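Please write a short report on the structure shown here.

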Amino acid sequence: MTQRIANAEAQCGVAWQIGAFTPEGSSDDTNLPVPNLFTCLLRDGRLGVFPVTDGIDCAGLGLKAP
C-alpha cells in the first residue's frame with residue numbers, strides 16, 4: 001500500500017505541476033508548485049489524492065485513510 005500511495009501522489013503531483021487543475025489547463029511548459037498532498041481510500045478501492053487544506057482530512061471527506 002505504501003508504494004501505491006507514493007505512486008498516486010507522484011502522479012497527482014505531476015498533474016499539479018503542469019497546471020492540470022488550473023482554468024487554463026495543462027501545458028508541458030508549465031512548472032507550478034505542488035501543494036502538500038494526502039491520500040484517502042475511495043469507496044471502490046481506488047486511491048484519491050487531495051491537496052492539504054486546513055481542517056480537511058479523509059474522515060472529513062467521508063473516506064477512510066489507506
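The sulfur of Cys 12 is too far from any other cysteine sulfur for a bond, because the closest one, in Cys 40, is 12 Å away. This is read from a predicted model. Cys 12 is buried, with 13% relative accessibility.

Cys 40 has another partner. Cys 40 and Cys 58 form a disulfide, with 2.1 Å between their sulfur atoms. The structure holds one disulfide. A disulfide is a covalent bond between the sulfur atoms of two cysteines. The link of Cys 40 and Cys 58 is left-handed, with -100° about the S-S bond. Cys 40 lies in strand 1 and Cys 58 in the segment after strand 2, so the pair ties together parts that are 18 residues apart in sequence. Both Cys 40 and Cys 58 are buried.

Back to Cys 12. Which residues make up the largest nonpolar core? The five are Ala 8, Cys 12, Leu 37, Leu 47 and Val 49. Helix 1, residues 2–17, supplies at least two residues of this core. Strand 2, residues 47–51, also supplies at least two. Ala 8 is in contact with Leu 47 and Val 49, leaving aside neighbours within four places in sequence.

Ala 10 also lies in helix 1. Is Ala 10 buried or partly exposed? Ala 10 is partly exposed, because its relative accessible area is 47% and buried means under 20%. The C-alpha atoms of Ala 10 and Val 49 are separated by 9.7 Å. Along the chain, Ala 10 and Val 49 are 39 residues apart.

Next come the aromatic rings. The whole structure has two aromatic pairs. Trp 16 and Phe 21 form a tilted pair. Phe 38 and Phe 50 form a pair that is also tilted. The table gives the values.

| Aromatic pair | Centre to centre | Angle between planes |
|---|---|---|
| Trp 16 and Phe 21 | 4.8 Å | 45° |
| Phe 38 and Phe 50 | 5.7 Å | 35° |

Why does the pair of Phe 38 and Phe 50 count as tilted? Their planes are at 35°, and planes under 30 degrees apart would count as stacked, over 60 as edge-to-face. Phe 38 lies in strand 1 and Phe 50 in strand 2, so this pair ties together parts that are twelve residues apart in sequence. Phe 38 is buried, with a relative accessible area of 15%. Phe 50 is partly exposed, at 24% relative accessibility. Trp 16 is partly exposed, at 24% relative accessibility.

Leu 42 is in contact with Leu 47, Gly 48, Phe 50 and Leu 63, leaving aside neighbours within four places in sequence. Leu 42 is found in the loop between strand 1, residues 37–41, and strand 2. Leu 42 counts as partly exposed, because its relative accessibility is 21% and buried means under 20%. Leu 42 and Leu 61 are 19 residues apart in sequence. In space, their C-alpha atoms are 9.9 Å apart.

Last comes charge. Side chains of opposite charge can pair when their charged atoms come close. How many salt bridges are there? The count comes to one. The side chains of Asp 44 and Arg 46 meet in a salt bridge, at 2.6 Å from N to O. Arg 46 is exposed, because its relative accessible area is 52% and exposed means over 50%.

Technical notes
Residues are numbered from 1 along each chain as its sequence is written. This is a predicted model: local features need pLDDT of at least 70, side-chain atom pairs count only at pLDDT 80 or more; totals for chains, interfaces and linings use all residues. Side-chain values use heavy atoms; hydrogens and water are left out. A nonpolar core is a set of buried Ala, Val, Leu, Ile, Met, Phe, Trp, Tyr and Cys residues joined through side-chain atoms within 4.5 Å. Buried means under 20% relative accessible area, exposed over 50%, partly exposed in between (1.4 Å probe, protein chains only). Helices (H or I, at least four residues) and strands (E, at least two) are DSSP runs, numbered from the N terminus. Contact means heavy atoms within 4.5 Å. A disulfide is a pair of cysteine sulfur atoms within 2.5 Å. A salt bridge is a side-chain nitrogen of Lys or Arg within 4 Å of a carboxyl oxygen of Asp or Glu. Rings of Phe, Tyr and Trp (its six-membered ring) pair if their centres lie within 6.5 Å; planes under 30 degrees apart count as stacked, over 60 as edge-to-face and the rest as tilted.
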